[in-house]
Each structure stands twice: as C-alpha cells, then as structure tokens.
Amino acid sequence: MSETNNSENGSQLILAREILPEVLPIIPISQRPIFPGMMMPLILTGDYMEKVAESIMETDQKVGGGVLVKNQHEGPLESRDLYNVGVAIKVIKVTPVDEKTVQLMINALTRFTLERTVQDEPVITWKVSHYYEPEYEASEEMKAYSMAIITSIKELIKSNSLFGEELKLFLSRFSIDDPGKLADFVASMTTADPKEIQEVLETFDVRQRVKKVLMLLKKEIELSKLQVKITKQIEQKISKQQKEFFLKEQLKEIKKELGLEKDEKTAEVERFEERIKQLKLSDEAAQKVDEELSKLQLLEPHSAEYGVSRNYLDWLTSLPWGIYSEDNYDVPKAKRILDRDHYGLDDIKERILEFISTGKMKGNITGSIICFVGPPGVGKTSIGRSVAEALNRKFFRFSLGGMRDEAEIKGHRRTYIGAMPGKIIQSLKTVGVANPVVMLDEIDKIGASFQGDPASALLEVLDPEQNVDFLDHYIDVRFDLSNILFIATANQLDTIPRPLLDRMEVMKLSGYVLNEKLQIAKRYLITKQLEHHGLKKGMVQIDQSALKRIIDGYAREAGVRSLENNIKKIMRKAARKFAEDEKTPAVKVTQENVEEFLGKPVFTDESLYDKKIPGVVLGLAWTSMGGATLYVEATSIPTKGRGFKQTGQLGDVMKESSEIAYTYISSRTKEYHIPEDYFQKHIIHLHVPAGATPKDGPSAGITMATAIYSLARRKPIKKHIAMTGELTVTGKVLPIGGVKEKTLAAKRAKVKTIIFPFENRKDFDELPDYIKSGLDAHFVNYFDDILRIVY
C-alpha cells in the first residue's frame with residue numbers, strides 16, 4: 001500500500017494498482033471538459049490524435065489525460081494552448097472508424113494539475129499531480145447541498161427529459177448522497193459555457209464546487225423556462241393559424257352548399273362573362289374568349305397555366321371593344337378652349353380648328369395623325385391635351401424618348417415570363433374607350449437596338465390603312481386603332497425615319513416673340529407659380545418692365561420653360577421672405593431689382609461689336625432649340641501664297657459653303673474692285689463663334705461670302721443687318737428652311753433689316769403681322785443684290 005493526498009483529518013490509503021502514472025499523453029478536448037466518473041465514447045480525428053491514441057495504448061495502464069483547449073487555432077496545439085487542470089482517462093476499447101479516425105471508449109478517473117510539460121511534440125506529454133477525491137463524510141450541510149441539487153434537477157426534468165435519463169444512469173453507478181460526484185455529473189449535463197464548466201472542474205473543494213454548480217443550475221432553469229415560453233408561444237400561434245385555416249375551409253364548404261359563395265375559378269369565369277356582356281367583341285375576339293374560357297374551366301387554379309390564361313382573359317376583356325366616347329365638333333367651343341389654354345400660336349390653332357371642322361363635316365376623325373414640331377417649351381404637349389378636351393375625348397400620353405424595344409409598341413409574346421401588351425393596348429385599357437387622343441411624345445428621340453426597331457413597329461400603328469387590323473403580340477387578336485387620334489411631338493424632323501414622317505401631318509410651332517412671352521407670363525405663368533408656392537394673389541408683384549427684362553436677359557430661347565423657371569426662382573425667394581417674417585409686405589419685382597432675385601443676366605446684347613468692323617457679318621441659323629443668330633468673322637494674314645482655313649467646329653456642309661463663298665469672291669476680284677493679287681498674297685481665316693458649339697448647314701453661304709467681300713474691300717457693312725441663304729459658285733442664292741424661327745431670332749436680337757432668298761418670300765408673307773412688324777425684309781436672287789442692300 002502507498003500513501004497519498006494528506007488532509008487535515010488524516011491520510012487516505014490507496015491501493016498500489018490504483019496509483020496512476022504521473023506522466024501522461026494529453027488529448028486536447030475542444031468542446032466541453034470531461035469530469036471524473038464519466039464513461040463515454042471519444043472520437044479522435046487526424047494525424048495528431050492518432051499518435052496520442054497510439055501513445056496511450058502503448059502504456060501499461062492505458063491511461064492518458066483529457067484537457068480542454070483554451071486557445072483554439074489552426075496550427076498544431078501546444079501546452080500553453082490548454083488549461084492546467086484536466087482529467088485522467090482510462091481507455092477501455094479502441095474501434096477504428098476509418099484511416100484517420102478512431103473511437104475510444106473511455107472511463108474518466110481523477111482530476112490532475114499540470115506540474116511541468118515533458119514535451120509538445122510529437123505528442124503533448126505532461127508530468128501531472130493527481131487529485132484523489134477524499135472519501136465522502138456525511139454531514140447535514142453536505143446533505144442539504146445534495147438535496148438542493150436534486151430539487152433543481154427535478155425542476156429541469158419537467159422541461160428536459162434528457163436530465164431524467166442521465167440521472168438514472170448516474171444512480172446506477174454512484175450514490176445520490178455523494179455531493180462531489182453529483183456536482184460533477186450535473187456540471188457535465190448543463191448547457192453552460194465551456195469556460196464556466198472548466199471552472200467547476202478546477203474547483204477541488206467540494207463545498208465550493210457544489211455552490212458553483214447550483215449557480216449553473218439556476219441559469220439552466222431560467223434558460224429552460226424561457227425556452228418553454230418561446231415554444232409555447234410558437235405552438236399557440238401555429239395552432240391558432242391552423243384553427244383559422246380549418247374554420248375558413250369549413251366556412252367555404254358551408255357557403256358552397258348554401259349557394260352563398262363560389263370557388264375561385266367559378267367566380268373568375270363569371271366575372272369575365274359579366275364583362276363580355278358589356279362589350280361588342282369582334283368575331284375573332286369572341287372566338288378567342290370562348291376558347292380561353294373553356295380552357296380556364298379545365299385548369300386547376302394552382303397550376304401555372306391557369307395564371308397565364310386568367311391574365312390573358314383579364315387583358316382581353318378589359319379592352320374597350322366597341323366602346324366610344326361621343327365626339328364634340330363644336331368649333332366655337334374648341335376655339336375657346338385653345339384660346340383659354342394658349343396665347344399666340346394662331347396659325348396652329350387655325351389648323352386645329354380646320355381639322356375639327358373637317359371631322360364635323362365628315363362625321364368622324366378617323367385615320368388622323370398629327371405631328372407637332374418645335375423647340376422645347378413652346379406648348380406641344382399642352383396643345384395635344386387641349387385638343388383632347390375640345391373633342392371631348394380621353395387623353396393618354398407616353399414618351400417614346402430612348403425606347404429601344406419594339407415589344408414596347410407591339411407587346412411581348414405570351415410564351416415569355418412577365419409578358420404584357422404594348423403601350424398602345426395599355427393606353428386603351430387605361431382610358432376605357434376605343435377613340436382616345438394618344439400622344440406619342442418625343443418621337444424624334446426613338447432608339448433602335450438588337451431588341452428591334454420601335455420606329456418600324458410604329459409604321460403599322462400610324463398607318464390608317466394598316467391600323468384597322470392592329471395585331472399586338474400579346475393580345476394576338478386584331479384591334480381597330482383607326483378611331484384613335486394620334487398626336488406626335490418632336491423637336492426636329494431630321495431624326496424621324498422618312499416612312500414614319502410620311503404618315504403624319506406636320507404642324508410647326510416656331511416659338512414666341514417677346515410680346516407673346518410677356519402675355520403668357522402675365523396670364524398663365526405667374527398665377528400658376530403663385531399657387532404652386534402657396535402664395536396668394538398680390539403677395540408677389542412683377543411689373544411689365546421687369547418681365548421684359550427677364551425675357552430679354554434671362555429667357556431668350558424660343559419656348560417659355562426657362563421663363564417659367566426664372567419666375568419659380570423669384571417665387572421661392574419671396575416664399576422664404578414670408579416664411580421668415582409673416583409681416584413682410586408684398587414683394588415687388590421691378591426692372592431695377594430683378595438682379596437681386598435672378599443674379600446677373602444670362603444674355604446680353606446680341607451685338608458683339610460696338611463699332612463696324614470689316615469682315616464681320618451677322619447670320620441667322622436654325623437649331624432644334626429654335627432660331628438663333630451667329631456672327632461670321634473673316635480676317636487675312638499676309639503671305640507669299642494664297643490659302644483659306646475655317647474654325648468654329650463647322651460641319652462638312654458648312655465647310656463646303658465657306659469654300660464656295662471663298663471661291664466665288666476670289667473669282668470676281670476685278671468685278672468687285674478687289675486688288676487682283678489680294679487673295680494670292682493672303683491667307684483668309686474664317687471663324688464662326690462660339691467655338692465650342694458644333695454648327696452645320698448650307699444657309700450661312702451668303703453670310704460667309706459677304707464677310708469675305710467686306711474684308712477684301714475693307715468696307716464694314718451697315719449695323720443691325722442679318723442674313724441667311726445658300727450660295728452657289730455662280731452667285732445664285734437658294735432658299736432655306738426655318739424662316740419663322742430665324743425671323744423670331746432676328747427680332748430677339750433687335751435686328752432691323754433681314755435678307756432672305758427670293759424664293760422664301762412666300763414663307764415670310766405667311767408670318768403673322770406682329771412677327772413681321774418692325775423688320776425691313778429684303779429678298780435676293782443673286783449675291784450682287786445683297787451688296788446693294790448692305791452698302
């Protein structure tokens with residue numbers, strides 16, 4: 001016999017065969033510590049674990065150590081990565097699982113404490129000091145501790161039956177009166193953190209160990225109660241939902257039996273049949289509807305095909321088959337509406353009233369497609385809305401700008417997921433009548449891509465001969481679009497495909513002069529913006545002189561959008577003044593204080609030059625934003641040879657015009673009294689400001705020729721003269737386009753005399769008198785005619 005573990009009460013005798021080896025191979029335990037008295041399987045995986053198992057099996061007593069890992073990491077573990085207290089384990093049986101895995105059946109014996117590390121490689125080996133649990137001596141206090149643990153376990157068993165099974169297993173091996181072993185058993189069964197369980201293992205004093213375990217049990221009981229509460233809530237919710245579901249199903253069945261309710265399919269079919277009674281379907285559409293209804297009745301509501309068929313029928317029966325709004329051909333009423341909503345544009349209003357009058361005489365306005373062309377902000381969209389109101393028709397607008405997929409016009413085929421009809425069919429469903437006014441906005445900005453060409457798809461829509469039988473890919477039934485009044489809008493005609501343009505009646509809106517803008521601001525814009533900014537009439541007063549300055553200095557473009565934006569700016573500043581001080585008097589905007597609200601003017605006098613300079617001539621141009629003025633400058637550089645160059649981002653056509661002008665003037669030096677060697681000894685440089693703006697077109701030909709002539713003769717032309725016209729190499733002046741826009745630009749620039757080609761006289765004569773007033777217009781056939789006017 002040998003003596004170990006001295007205590008205050010004496011010494012405990014241990015049998016020699018029970019003395020455990022002091023040097024042990026260590027198995028790192030990664031999850032939870034092992035407690036003495038436990039018998040359990042242990043799975044070891046990997047090369048290291050295989051070596052540990054071999055080391056243990058090579059010892060006489062087949063005893064090793066199990067120690068919890070403190071610092072887990074990817075590399076090989078060392079002694080410093082483990083706690084200092086572990087449990088001696090005896091291997092009872094070894095079972096290979098596969099090449100890298102073995103299963104050990106172990107019996108945990110006693111606690112031990114690390115004395116020193118023998119080695120870390122190839123297997124962690126420690127010299128340890130074993131702690132042999134002293135024999136239990138019964139006392140009232142320890143018995144009370146044991147009973148407290150048992151009471152807590154009983155409470156836990158109510159919510160976790162696993163504790164009951166484990167308790168039976170414990171009682172088959174140990175006495176319930178041993179608080180030390182009982183504490184170890186309970187600690188191993190809790191779901192506490194491994195660190196907290198390790199603290200129990202490291203507590204050698206039984207009394208302290210039991211206290212710690214009781215604390216763990218208290219936490220476990222609280223956790224178990226919370227788990228039970230959550231489970232109960234989930235069960236109640238599920239049972240409530242199940243109850244509701246069963247009751248609803250029973251209610252459905254009862255209602256069906258009593259004839260109070262129909263199933264989903266029957267209700268859908270009856271809804272479609274009710275719609276059909278209100279429609280006048282074509283023969284083709286009626287046949288299609290019958291086929292789809294028959295198919296729908298055979299399908300199960302939960303099948304994918306049912307949803308496709310139902311959506312198709314929904315679209316087919318939502319279209320206004322045979323439903324028309326009654327047209328109003330009251331021409332005086334239409335005139336009142338147009339005059340109410342728009343100031344000026346008399347030529348456009350006249351054409352619209354003629355159009356409505358024709359409809360009155362004919363009895364309908366079928367096969368009509370109008371295209372409003374003009375700069376931004378001149379009222380193209382709002383006129384379309386007024387036309388719809390004048391005709392008493394529903395109005396639908398959608399933008400074609402940037403559209404690249406033809407399916408947007410003609411719809412997707414139903415085989416695609418998420419398929420739907422095109423915009424035309426969608427518009428008819430929205431308005432609910434088959435004869436609305438449909439506005440196709442920004443038709444000049446329509447795109448094309450690999451997905452198709454929407455402009456080509458529009459050919460069928462806008463052709464009166466074809467749109468009687470318009471076929472949308474989704475609806476797949478012909479629908480008559482001939483009763484729709486299509487109104488397209490565009491900023492320019494150049495980008496509209498020619499076949500599409502041929503199908504439309506073009507009406508040009510050129511823009512407004514100062515007086516028109518003044519009236520528009522006074523009648524519409526100021527009132528509208530007062531309302532939009534929450535201001536009452538009279539709170540902001542903009543006098544006429546201030547409006548004129550705003551129009552001339554801040555909003556000189558063809559439309560009124562910029563003018564409206566500037567009025568908005570004034571209203572915002574006024575609104576802030578009233579918001580900060582309610583006692584602020586009415587805000588008055590005058591010519592003198594405009595800059596306080598809007599800053600410095602954007603536009604100044606169009607005249608870049610204070611004095612007359614040879615080689616400088618003012619020309620007139622047309623852009624998608626309306627008419628504009630541009631200067632042409634010419635200068636010469638003395639050299640030994642002739643030369644000609646142009647700058648100002650000129651396009652190919654404009655460069656050709658400049659070369660024609662140079663050739664024409666240089667070929668007539670004798671006739672025009674220019675020194676014969678002038679062009680032989682000078683490089684002529686032609687420039688068109690502003691240099692950053694691209695320019696193109698033939699209408700600056702006479703302007704360039706006049707600039708070169710003026711330079712060569714060193715004779716500046718008269719002030720306040722502007723001109724436009726295409727020039728040929730023989731001096732003939734050819735007609736140009738955009739007469740109205742260019743005339744408006746000349747008036748905005750305070751030009752007094754304008755020169756047009758002779759063949760544009762008819763275009764100028766058609767202009768309203770208020771546009772022509774104050775202008776001295778001349779019409780020329782040849783370049784020589786120009787010289788007589790400018791000098």
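Q: Hi! In what sense do strands E9 and E14 pair, and over how many bridges?
A: Hello! In this predicted model, strand E9 (residues 369–373) pairs with strand E14 (residues 485–490) in the parallel sense, over 5 bridges.

Q: And which residue of E14 is the bridge partner of Cys371?
A: That would be Ala488.

Q: Nice. What sheet do these strands sit in, and what is its order?
A: E9 and E14 belong to an open sheet of 5 strands with parallel pairing, and the order is E10-E11-E14-E9-E15.

Q: Which strands are at the edges, then?
A: Strand E10 (395–399) and strand E15 (505–508) are the edge strands, each pairing on one side only.

Q: What does the twist average from one strand to the next?
A: The twist averages 20°.

Q: Which strands does helix H14 lie across?
A: Helix H14 (residues 423–431) lies across E10, E14 and strand E11 (437–441), and H14 runs at about 150° to E10.

Q: Switching topic: at what angle do helices H17 and H18 pack?
A: Helix H17 (residues 514–532) packs against helix H18 (residues 544–553) at about 115°, and their axes are 10 Å apart. H17 passes H18 in a right-handed crossing.

Q: Which residues make that contact?
A: From H17 there are Leu514, Lys517, Leu518, Ala521, Lys522 and Ile526, while H18 brings Gln544, Leu547, Lys548, Ile551 and Asp552.

Q: How many of the residues in the contact of H17 with H18 are nonpolar, polar or charged?
A: The contact has 6 nonpolar residues, 1 polar and 4 charged.

How values were computed
Residues numbered from 1 in each chain as written. Predicted model: local features only at pLDDT ≥ 70, side-chain atom pairs only at ≥ 80, totals over all residues. Heavy atoms only, no water. Axes fitted to C-alpha atoms, helices over the stretch in contact; angles between N-to-C directions. Helix = DSSP H or I, 4+ residues; strand = E, 2+ residues; numbered from the N terminus. Left-handed = near helix turned anticlockwise from the far one by under 90°. Contact = heavy atoms within 4.5 Å. Nonpolar A, V, L, I, M, F, W, Y, C, P; charged D, E, K, R; others polar. Pairing = 2+ DSSP bridges.
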